[in-house]
Structures are given as C-alpha cells and as structure tokens.
Amino acid sequence: MTTGMVYLVGAGPGDPGLLTLRGAEVLAKADLVLYDGLANSLLLRLTSGVCERTARTKVGSDKTVPQADINDRLIAEATAGKTVVRLKGGDPYIFGRGSEEAAALEAAGIPFEVVPGITAATAAGEYAGFSFTHRDIASAVAFVTGHEDPSRDASRLDYAALAAFPGTLVFYMGLGRIRNICEQLILEGKPPDTEAAVICKASLPNQKVVTSTLSDLPEAVEAAGLNPPSLIVVGECVSLRQGASWFEERPLFGQRIGITRPQHQCDIIANKITALSGQPVIMPLIEINPVDDAGLAVVDKTLQQLDQYQWLILTSVNGVAAFMQRLWGTGGDVRRLGHLKIAAIGSSTAKALEQHSLRADVVPDSFRAEALAAELAPLVEGQNVLWARANRGRDVLPNTLREAGANVTECVVYRNDDATEFSANVAELDWVGLSSPSIARQFAAMVKTHGLEPFHLNAKLATISPVTTAAAKEAGLIVDTEATTYTWDGIVEAIVDYVGEPRL
C-alpha cells in the first residue's frame, strides 16, 4: 500500500478569511482532517474529508486528546494511505507543537509538508489596532509563552531580560498566569505604568480588548471577564489604539447570525457576514434532496418532451441545478432549450442560469411569485409552460398563469425537506435569517419542539420578503426586520440597517 501524506496546516487566528491559499488547497483533497480547538470550524466547509476535533484542552463536554495520541493517529492514518490534514490554530510552529508532530512523522518515515499560517499575535495586534513595531515606538517584538512545559523543574523565561527588552512583549497562553507575569516584569524593573493590554478571541466577532497599565492589568482583565484564547501585550504600542479598531467598527461586529438556507448554499453569504465582522452560524432548516425513482421517471419523460413547450420557468437556484444536472445526465445539453423562452423569479436564479450560458427572458423587479406571474400573464395565453419546481411551494404562479390561458405543467425536479434538529444553539444567536415561508414555519415548529416560545427568543428575526414575514407571524414569530431586496444579500443588508439605527 502506498504511504499517504500529512499536511500540518496553520488555520490562522480565527477569521476564516485568513487561511492561506495553500491551506485551502490541501483541505480540498484531504481524506481526514484532525483539527484543534482553536481552528475555526467554518474552515471545514472547504473539505469533503472526515473531520475530527482533537482539542488538547477541555472545552465543555469535549474530550481532550493527548499530543502523543495525535502523533500516533497521524502516523497510522498516513500509513493506511490517507491524505491527512492536521489543522492548527495560528501557525503550526509558533507555540503550536507542530514541530513535535513533524519530528514524529519524520521518525516514522511519513512524508509531510508544513503550511504556515498567520500566527495569533500578528492578527491580534492588527485586528485590535496595535502596531507592535511602529518605528516611533518599538524596533523589536518578542513572542513569549505564558504556559511552559509543566514537566520542567524551572522556568526558562528570563524576566530580567524581558523587562529590559527594548520593544513589545507578546505573551501567548498567559491569561491564567497574568498576575504572576505582570508582577515578575515589575519586580525585574519594568515600570508599573507601562502600557499593557489583553486581546481575547482575536480576529473573531466576539473579540474583546482591555487596555490598562502593567500594574492594573490583572484587575482590569478580571473585571472584564476575559477568557482564553487571549494574548497579553506589554509595550508602548498599546497607546496607539484609539477607541475601537477598524475591525470592531464594521457594521456586524459582535453579531452572531444564523443562516438557515441549505448547507451547500451557505458559503457566499457566510463570507459576506464575516467580511462585515459578523459571525455566520450555519444552521440549515431545510435539506435539498433528489426526487425518488418514480419522480425521476417523470422528470426524464418531461425532458424528452421539451419540444412541446414554449416557456420554461425556474424559481430557485436549486431548481436550476437539479433541472440542468438531469438534462445533462440524460444525454442532453443547452441545445435542447434553444427554442424556449425562460423566466426566472429573481437575480440569484438568473445568475444560476448564466452559469449554464443561459439568459433569462423575464426577471421581475420584485423577486416574488406574484410579480413573476404578473409579468408572464400577458405573454403565455395559449402557450405550454413548464415549471421546474420543488416538491412543495405556493400555488400563486401556476394558478395565475392558468387563469391567463396558459397550459402549465408542474415538474418536481428536487425535494425540499425539513431538517429535524437545530445544528446550532439558537439561544446564543443574535439574529436568524428566514428566507422562505417554509423555513419560517419550520423554524417556529423547531423552536416549540425545544420547549421555547417564539416570543422568548433572544435572537432577532430577519425575513427575506413580505410573504415570508406573513408566514412567520402566522406561526407566532416576531419579525424585527424585512429585506427590501428579496435575496440573502437583502437579509444581511436589512440586519446592517437595523443594527446601525439607534434603538430606544
């Protein structure tokens, strides 16, 4: 059997956008991903491999995994011929124990590659608004561990040298020993009034920064209730921070937003939320599934009769994907559609068609069934219209077109099924986006199943359209804001507008 390959990949400090291109490339081909507790789980969207969490510190009910066991696992899986990614927060070799893993792999004769990552200190300073090596303040920066090997009899840290260091000190993993660190630096001559700070959860939407003097920092941190992962910064660079940083000024900073659309459609909107300093939480409430064999037979028969139709209507991105995939799978391609006029319900559906080099003839300004029906009604009298749709949905469109004299055939090309469990803790969210009436009704039902009443939710609700708002209210939900553009981009824009308005 051919020996596999191990990649020791730096995941960066937390913001998923800070993963390197090489890191994304190797994740895409991984059979197995062993990720540590500091790696952002959103990065797992980049792989189709099996993913396992291997935290070395206890978080909640998660088991801790000793470093020796991780080393052995890497060797065993690679020996079995697998491509393994060890995904580590920050950089593998900056207090990440990646060098220990590399040594174990080398001793076992396992080929490996180290993919550097942005280390936590670099991101922490820049996301907090500090320049560790500002030319007017510091010409050097020292990265120091605040958590040494517990098996050592004595510390290797020379606090006298650190106190005299002519630059910025950054302590990793030192929050639990912050009082001792500050006291030792002062004891060895560091002025008590030296600027100091702690940056907690750097580059994430729940980032917190506490600034103080070296002598008062432990009390300030305790009062703020900061938790790991955190870094301690000591030096004049802390004085450069004025108010909030660029990262904290973005409109969705601190907002945890539940994305309820199907899993495979979350990437673009999750990236947009991240770019606005929000935290996307993937929590699909519907699953997109293929039709069964009987349904597939109906689709195939319809595809063989495309020459009988004058219009093709598509009302979702999923509908486009399912229709075009089956057309291709049965030996056809876009040439079979050359005689058809095509209508799309909105810009997202139209863009999905463009991916197949198809241009929609009709796209209403308002992305809803009523608007599409109104535009089509004068055009379809006496015509045969094919609607490629999901297994469920509103009847406004076919009813209106039939009243206008069209012969409408409804062909179910994919299934829209409800999820049965929340994949996220709804109580921890600030917002939930509801992007269809069925999603709104399912959300309300699942909330009640979990013993909650809709009006007790901490999370605010943003809907995609008036129709979805009506369905949400009918199900007992309280809607806080509604998109004016009926897309997920519109939901995000509505949340941004709401968050930016002063509230009484």
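**View 1. Helices H6 and H7 cross with right-handed geometry.** A crossing counts as right-handed if the near helix is turned clockwise from the far one by less than a right angle. This is a predicted model: local features need pLDDT of at least 70, side-chain atom pairs count only at pLDDT 80 or more, and totals for chains, interfaces and linings use all residues. Residues are numbered from 1 along each chain as its sequence is written, and side-chain values use heavy atoms, without hydrogens and water. The axes of H6 (residues 178-187) and H7 (residues 217-224) come within 9 Å and cross at roughly 160°. H6 and H7 are therefore roughly antiparallel (over 145 degrees). Ile-178, Arg-179 and Cys-182 of H6 contact Leu-217, Pro-218, Glu-219, Val-221 and Glu-222 of H7 (heavy atoms within 4.5 Å). Five of these residues are nonpolar, none polar and three charged.

**View 2. Helix H2 passes H3 in a right-handed crossing.** The axes of H2 (residues 67-79) and H3 (residues 98-107) come within 10 Å and cross at roughly 45°. H2 contributes Gln-67, Ile-70, Asn-71, Leu-74 and Ile-75 to the contact; H3 contributes Glu-100, Glu-101, Ala-104 and Leu-105.

**View 3. The second largest pocket has a volume of about 1600 Å³.** A pocket is an open set of points on a 1 Å grid where a 1.4 Å probe fits, with protein on both sides within 12 Å along at least five of seven lines; lining residues have an atom within 4 Å of a point. Its lining has 48 residues, with Thr-315, Ser-316, Val-317, Ser-435 and Ile-464 nearest the centre. Helix H11 (residues 347-354) gives the largest share, five residues.

Note on methods
Points joined across faces, edges and corners; volume = space filled by probe spheres on them. Helix = DSSP H or I, 4+ residues; strand = E, 2+ residues; numbered from the N terminus. Axes fitted to C-alpha atoms, helices over the stretch in contact; angles between N-to-C directions. Parallel < 35°, antiparallel > 145°, perpendicular 65-115°, else oblique. Nonpolar A, V, L, I, M, F, W, Y, C, P; charged D, E, K, R; others polar.
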